[in-house]
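I opened this notebook page to record what I looked up in the model, entry by entry.

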Amino acid sequence: MNEQTRSALEEIIRREAGADRVSIREAKLLSGGSIQENWFIQAEVAGGAFAPELKLVVRTDAPSGVSGSHCRAEEFVLLKAAHAAGVTVPEPLWLCRDASLIGKQFFVMRYVSGIAASHVVVRDATLGGDRRVLLERLGAELGRIHSIRPPREDLAFLPSPGSSPALQHVARMRRFLDTHRTAHPALEWGLRWLEINAPERGELVLCHRDFRTGNYMVDENGLTAILDWEFSGWGDPLEDVGWFCAKCWRFGGKGEAGGVGAREDLYRGYASVTGRRLEDEDIHYWEVMAHLNWAVIAVQQAERHLSGEETSLMLALTGHIVPELEYEILNMTEAR
């Protein structure tokens with residue numbers, strides 16, 4: 001972080017915090033942000049309600065992005081809605097829409113400690129406390145997210161999913177594949193299966209749309225925060241459950257729920273908040289959807305690298321997971 005950005009942030013934090021003076025003592029870029037940048041800020045605060053010290057995270061755009069993700073102003077509003085609903089998220093503090101101050105829009109939230117790295121969380125049993133309790137807690141958190149329902153004036157920027165959230169996803173993925181230079185017959189097969197087996201539209205709720213291991217933080221005692229709201233939108237609540245349980249998001253862990261344990265524990269926590277009993281048979285559809293969605297994203301990421309738009313080893317390697325996802329899609333649909 002250069003001195004100009006540091007000085008601008010000090011002034012913004014001072015003004016928003018109602019402080020006499022703010023001095024940033026530490027500023028470092030946190031790992032794990034491929035779509036957004038997250039900067040840890042430790043500041044001395046003189047005067048006002050936040051004295052004498054603030055630990056913050058400044059969240060702004062990374063050099064690369066993903067189509068369909070929310071801007072920082074929209075993500076800030078989503079975070080505020082989740083926080084008000086009792087979801088365990090970092091407290092959103094201030095939004096800055098003026099991109100001229102540090103070169104882009106950003107928002108500021110309280111720093112929360114913990115580990116999110118998926119490959120660490122699924123393998124280190126000392127993280128998250130008792131895994132059954134952790135999954136019950138995650139289920140309950142998901143239930144609180146799904147308590148947010150339309151219409152909401154503050155969330156008016158979220159588009160309607162139309163008569164069928166499932167078929168809207170199918171149409172979006174098909175539009176991309178129809179114009180892509182490479183044929184993917186297994187993905188087309190999966191899309192047709194999703195189309196034929198699409199569930200009727202039920203209740204609409206706020207879906208996180210990336211609720212998985214790697215997007216929540218834990219410490220040795222349990223859950224500390226739910227992260228990354230940039231893809232949230234109105235949809236079927238089972239979409240989030242299927243995404244969390246999908247094999248492609250278990251990161252080598254043995255547990256069917258996010259690689260960390262049994263899905264029954266997640267279901268029990270969800271029911272404790274919503275009163276809804278979840279059934280594997282209903283969630284299977286959305287697990288197939290998760291594999292299709294991730295496969296299409298992987299194709300898109302690889303295309304960014306191959307086209308020269310953004311040369312990146314990570315993007316190139318992401319493309320190599322497509323055949324594995326296609327294999328899973330065929331396995332999941334063939335028996336049905």
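I looked up Trp-249 and found it buried, at 6% relative accessibility; buried means under 20% relative accessible area, exposed over 50% and partly exposed in between, with a 1.4 Å probe and protein chains only. Phe-251, at a relative accessible area of 25%, is partly exposed.

I noted that this is a predicted model, in which local features need pLDDT of at least 70 and side-chain atom pairs count only at pLDDT 80 or more, while totals for chains, interfaces and linings use all residues. Residues are numbered from 1 along each chain as its sequence is written, and side-chain values use heavy atoms, with hydrogens and water left out.

I then checked ring pairs and found ten aromatic pairs in the structure. Rings of Phe, Tyr and Trp (its six-membered ring) pair if their centres lie within 6.5 Å; planes under 30 degrees apart count as stacked, over 60 as edge-to-face and the rest as tilted. Trp-249 and Phe-251 form a tilted pair, with 5.9 Å centre to centre and 45° between the planes. Ring pairs also join Trp-243, Trp-249, Phe-251 and Trp-294 in a cluster. Over the ring of Trp-249 I found the charged end of Arg-212, 4.4 Å from the ring centre; the criterion is NZ of Lys or CZ of Arg within 6 Å of the ring centre and within 35 degrees of the ring normal.

Phe-251 has a phi near 55°, a positive value in a residue other than glycine, and is located in the loop between α7 (237–245) and α8 (263–274). Helices (H or I, at least four residues) and strands (E, at least two) are DSSP runs, numbered from the N terminus. Asp-228 likewise has a positive phi, near 60°, and lies in the loop between β8 (223–226) and β9 (233–235). I recorded Asp-228 as partly exposed, at 21% relative accessible area.

I next looked up cis peptide bonds. The bond from Ala-51 to Pro-52 is cis, with omega near 5°, and Pro-52 sits in the loop between β2 (36–46) and β3 (53–61). The bond from Pro-150 to Pro-151 is cis as well, with omega near 0°; Pro-151 belongs to the loop between α4 (131–145) and α5 (165–179).
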